[in-house]
Amino acid sequence: MRRWWIRSGLAIATAAATLVATGLPAAACEDDKPVTEAKHSLGDPGAIKGVRPVGNVPDAQGAISANFLSYGKRDVMVVSGQFGLKAYDLTDNPAKPRAIGELSLPGLWETEDTEVDAKRKLVFLSRDPRAFKGNTHTGESGIYVVDVARPEKPEILSYVKVPAGHTTSCVDDCRYLWTGGPAKADDQPADWGGRPIWVTDVRNPRDPKVHPDPIELARNDGKTDYVHDVQVDKMGVAWVSGKGGVRGYWTSGLHRDPVLNRYRWASALKPVPYAGGGVSETAAPSKFLHNSFHPVGSRDDGAWRGHDLVYATEESFLPGCAGDGVLTISALDGSYQGEGWRSTPEKPFRMRSVGTWSVAGQEGSDPVSDDCSAHYFDLHGHVLVQSFYAQGTRFLDVSDPSNPTQIAYFRPADAASWAPYWHDGYVYVADNKRGIDILKLTA
């Protein structure tokens, strides 16, 4: 299943990377505030319910993201992180990944939601300006295009500088990449709240071409702001998450543009608005939407009681746990006529909130920890699995999206859960401190 949701630091020598290496969250992506050591109850043994841990890959410590590639009958997992890229063979025993290849880039940051071109066997590693001892003010950002046709020997085909670099996502069948975030550089417009999207043509992966003009501007009630990540649904709509909400775009084909009120051809450089907008502040007070998922083609064709839904993570860190970011579920009703593109501070448009879920106070949580923000998630049928940093990996029944219900959890005492992935009946968790945990849901 494609990663639908599917956080900031530097190399180990820097203070920020030291925090990450000890299992800390990257400060809320909308800013660069410092983070503190995750608290745990004294002697906390962790908590597990409804799930069986079947494996662990400790040499993937520093893991941030994972993806899966098929080579005929061979099943390979690629893991990106502060080490660069590592490849593991799952064919013989998916619970015991076998290390087969590595591209060493120590100090790389951040490679969240690293995406692959399954046809061409390419991996796209996003270089954040904070990588290799850089910073958001003046650091270099870009994209490494890595050839994994031979997973035993990952090879950099090309590297290209891009004015953004927090996440890089495939659009239009990986012919183009959309790269966004993080906070703006010193040489970018003063009125920006963060970096929007730059488009890179990778039809020739050895010679990527970055378009000079950014897109997805004015996303936060008319203000250009931080774009965090992009997920493409089964219709081909690219859902862009960041400060100000979630907006979906067609990137190919002929579609009606609700903003211009006419039909036109969509492209990666000139996408056509589809739906979406801001999320109600009662659901996500920070307005920072980290990643999203539009479940078209899933159970009931993505509809719930006649409503089309979009799932999104709010990433936010506040003192204590209760105010940290949550899973949000919103109805797209009323957003198909370009309402999210016309929103202003004077006349704001917000999607209707259907449901939310927070880890705060839930069974299996450590009441002392204030490291509770929602992070990446993945959906399989009506079961959503989501990372909550030190509060571990949570399994939710979302058959009633207005009332998400926890059915299982996996919270080791040293958890730093960043991203979970359903794959072939297992859940692979990229844990920044533990490596890759492999889980089997039993609930």
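Is Asp117 buried or exposed in this predicted model? With a relative accessibility of 4%, Asp117 falls under the 20% limit, and therefore Asp117 counts as buried. Asp117 belongs to strand β7, which covers residues 115–117. If neighbours within four places in sequence are set aside, the residues in contact with Asp117 are Leu69, Leu122, Phe124, Asp173 and Cys174. Val148 stands 31 residues away from Asp117 in sequence, and the C-alpha atoms of the two residues are separated by 9.9 Å in space.

The loop between β6 (98–104) and β7 also deserves a look, and Glu110 has its place there. Glu110 is joined to Trp109 by a cis peptide bond, for which omega is about -5°. Asp113 is located in the loop between β6 and β7 as well, and the phi angle of Asp113 is near 50°, a positive value in a residue other than glycine. Asp113 has a relative accessible area of 1%, which is under 20%, so this residue is buried.

Another cis peptide bond runs from Gly181 to Pro182, with omega near -5°, and Pro182 lies in the loop that connects β12 (176–180) with β13 (197–201).

A positive phi is found again at Asn261, where the angle is near 60° in a residue other than glycine. Asn261 sits in the loop between β18 (254–257) and β19 (262–265), and because its relative accessible area of 55% is over 50%, Asn261 is classed as exposed, whereas Asp113 is buried.

Technical notes
Residues are numbered from 1 along each chain as its sequence is written. This is a predicted model: local features need pLDDT of at least 70, side-chain atom pairs count only at pLDDT 80 or more; totals for chains, interfaces and linings use all residues. Side-chain values use heavy atoms; hydrogens and water are left out. Helices (H or I, at least four residues) and strands (E, at least two) are DSSP runs, numbered from the N terminus. Buried means under 20% relative accessible area, exposed over 50%, partly exposed in between (1.4 Å probe, protein chains only). Contact means heavy atoms within 4.5 Å.
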